[in-house]
Amino acid sequence: MANLNRDNINQTRTILENAKSILIVLGQNPSYDAVASALSFYLSLSAAGKQISVVSPTEMTVGYNELIAVDKIGKTIGSDNGRNLIISFPYQEGSIEKVSYNIENDTFNLVIEPREGYAAITPEMMQYKYSGGATDAIMTIGVNKLDDTSNLFNANQNLFQEKPLINIDIETSNQNFGKINLIDESASSISELTASLIS
């Protein structure tokens, strides 16, 4: 950690202490080292009473199964701690006449009226997910540039711009996109850097 700016470390500590909910983001095809580091932060910050979500655009394969808490890594932001329910279905331009809602007997009803001449929307077409999680801070682990997070960044650009972003990596090619960049090219691995930061 000799190569890290002490001011950056203190700012990171302050952000993490004040945050209740922290999002940890991995890049496309993360290394075993990056996944292990993300899960180390997940376990240590969870133990400190924080609500932690870990996401990766890449499905965790059998090769990562030896890592504790690998089952906690999701593929979408907000899937675990989102507050806004999103109801999705295939849409054809002009096929919706009107969208409204009503409340009957303590039940909220969302009414989607198809336009005349278009097929009805069936329950089988519906998909449900959450967004808008109450994230206070974001950490990227082993991510060279934000585009490496694929759809995670592209679908949540406002979140990445609004929240304090801590960028942790050991690569000289890292684009220093974070509010705080903890980049140590002299570290032998991200895990070594992570162990120093956690302690």
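**Entry 1: Glu 97 and its partner**

I began with Glu 97, which is partly exposed, with a relative accessible area of 41%. The model is a predicted one. I then looked up the charged partner of this residue and found a salt bridge between Arg 115 and Glu 97, with the closest N and O atoms 3.0 Å apart. The pair links distant parts of the chain, 18 residues apart: Glu 97 lies in strand β5, and Arg 115 in the loop between β6 and β7 (127-131). I noted Arg 115 as partly exposed, at 33% relative accessibility.

**Entry 2: the other salt bridges**

I searched the whole structure and recorded three salt bridges. One of them joins Lys 75 to Glu 59, where the closest N and O atoms are 3.8 Å apart. Lys 75 sits in the loop between β3 and β4 and Glu 59 in the loop between β2 and β3, so this pair ties together parts 16 residues apart in sequence. Is Glu 59 buried or exposed? I found Glu 59 exposed, with a relative accessible area of 51%, while Lys 75 counts as partly exposed at 39%.

I also noted a salt bridge between the side chains of Lys 145 and Asp 148, at 3.1 Å from N to O. Lys 145 is partly exposed at 31% relative accessibility. Asp 148, at 22%, also counts as partly exposed, because the buried class requires a relative accessible area under 20%.

**Entry 3: the nonpolar patch**

I looked up nonpolar surface and found a patch of about 880 Å², made by Leu 85, Ile 87, Val 99, Tyr 101, Ile 103, Phe 108, Leu 110 and Tyr 128. Strands β4 (84-88), β5 (96-104) and β6 (107-114) are the elements that give two or more residues to this patch. Which element provides the largest share? I recorded β5, with three residues. Ile 87 belongs to strand β4 and is partly exposed, with a relative accessible area of 34%.

**Entry 4: the open sheet**

I traced an open sheet of six strands in the order β3-β2-β1-β8-β9-β10, with parallel pairing.

Helix α5 (residues 190-198) lies across β8, β9 and β10, at about 130 degrees to β9.

Key: Residues are numbered from 1 along each chain as its sequence is written. This is a predicted model: local features need pLDDT of at least 70, side-chain atom pairs count only at pLDDT 80 or more; totals for chains, interfaces and linings use all residues. Side-chain values use heavy atoms; hydrogens and water are left out. Patches are made of residues with over 30% relative accessible area and no salt bridge: like charges are joined within 9 Å, nonpolar side chains (Val, Leu, Ile, Met, Phe, Trp, Tyr) within 5 Å. Accessible areas come from the Shrake-Rupley method with a 1.4 Å probe; for residues, only the protein chains shown count as cover. A salt bridge is a side-chain nitrogen of Lys or Arg within 4 Å of a carboxyl oxygen of Asp or Glu. Helices (H or I, at least four residues) and strands (E, at least two) are DSSP runs, numbered from the N terminus. Buried means under 20% relative accessible area, exposed over 50%, partly exposed in between (1.4 Å probe, protein chains only). Two strands pair if DSSP finds at least two bridges between them. Contact means heavy atoms within 4.5 Å. Axes are lines fitted to C-alpha atoms, for helices over the stretch in contact, and angles run from 0 to 180 degrees between N-to-C directions.
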